[in-house]
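Please read the points with the sequence and the model at hand.

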Amino acid sequence: VSCQGCALQYASSEVRTDHEVVLAAVRQDATAFRFANARLRSDRDFVLAVVQYAGDALQDVGQDLRGDKEVVLAAVNFYGDTLKYACEELRGDREWVMAAVR
């Protein structure tokens, strides 16, 4: 999986729930996260780990995590453009945005 992260899409559903496999795929290609099991994409701790390596993965998490300040900040710290995937409430919070872009 580390050579071609998007190969994850062809893995069995069981393999797509494996933290180690999914993280390896995401480190190779952030877009691989969209093929992770939905439960993993909703697991706050796992998402927090993923966005530190692939901020763009924020686009594939649930709306509740797009509103989680810590998760979004970790993603933005990796890649500033991921702020566009944050929930509207966070993007409208001037103080939070100022803190995130520093």
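**Notes on the model**

1. Arg27 is found in helix α1, which spans residues 19-28; helices here are DSSP runs of H or I with at least four residues, numbered from the N terminus. The model is a predicted one, in which local features need pLDDT of at least 70 and side-chain atom pairs count only at pLDDT 80 or more, while totals for chains, interfaces and linings use all residues. Residues are numbered from 1 along each chain as its sequence is written, and side-chain values use heavy atoms, with hydrogens and water left out.

2. The mean pLDDT of the chain is 90, and 97% of its residues reach 70 or more; pLDDT is the predictor's confidence in each residue, from 0 to 100. Among the elements of the chain, the lowest mean pLDDT, 86, belongs to helix α7 (residues 94-101), and the highest, 96, to helix α3 (residues 44-51).

3. With a relative accessible area of 48%, Arg27 is partly exposed (buried means under 20%, exposed over 50%, partly exposed in between, with a 1.4 Å probe and protein chains only). Its side chain makes a polar contact with the side chain of Tyr53 at 2.7 Å. A polar contact is a pair of N or O atoms within 3.5 Å; within protein, one must be able to donate a hydrogen and the other to accept it, and residues adjacent in sequence count only if both atoms are side-chain atoms. The C-alpha atoms of Arg27 and Val51 are separated by 9.8 Å, the two residues being 24 apart along the chain.

4. How many salt bridges does the structure hold? There are 3, a salt bridge being a side-chain nitrogen of Lys or Arg within 4 Å of a carboxyl oxygen of Asp or Glu.

5. One of them pairs Asp60 with Arg34, whose closest N and O atoms are 3.8 Å apart. Asp60 lies in the loop between α3 and α4 and Arg34 in the loop between α1 and α2, so the pair ties together parts 26 residues apart in sequence. Asp60 is buried at 18% relative accessible area, whereas Arg34 is partly exposed at 38%.

6. Arg44 forms a salt bridge with Asp68, the closest N and O atoms being 2.6 Å apart. This pair links helix α3, which holds Arg44, to the loop between α4 and α5, which holds Asp68, 24 residues away. Asp68 is buried at 16% relative accessibility.

7. Arg44 also forms a salt bridge with Glu70, at 2.5 Å between the closest N and O atoms. Shared partners join Arg44, Asp68 and Glu70 into one network of salt bridges.

Note on methods:
Helix = DSSP H or I, 4+ residues; strand = E, 2+ residues; numbered from the N terminus.
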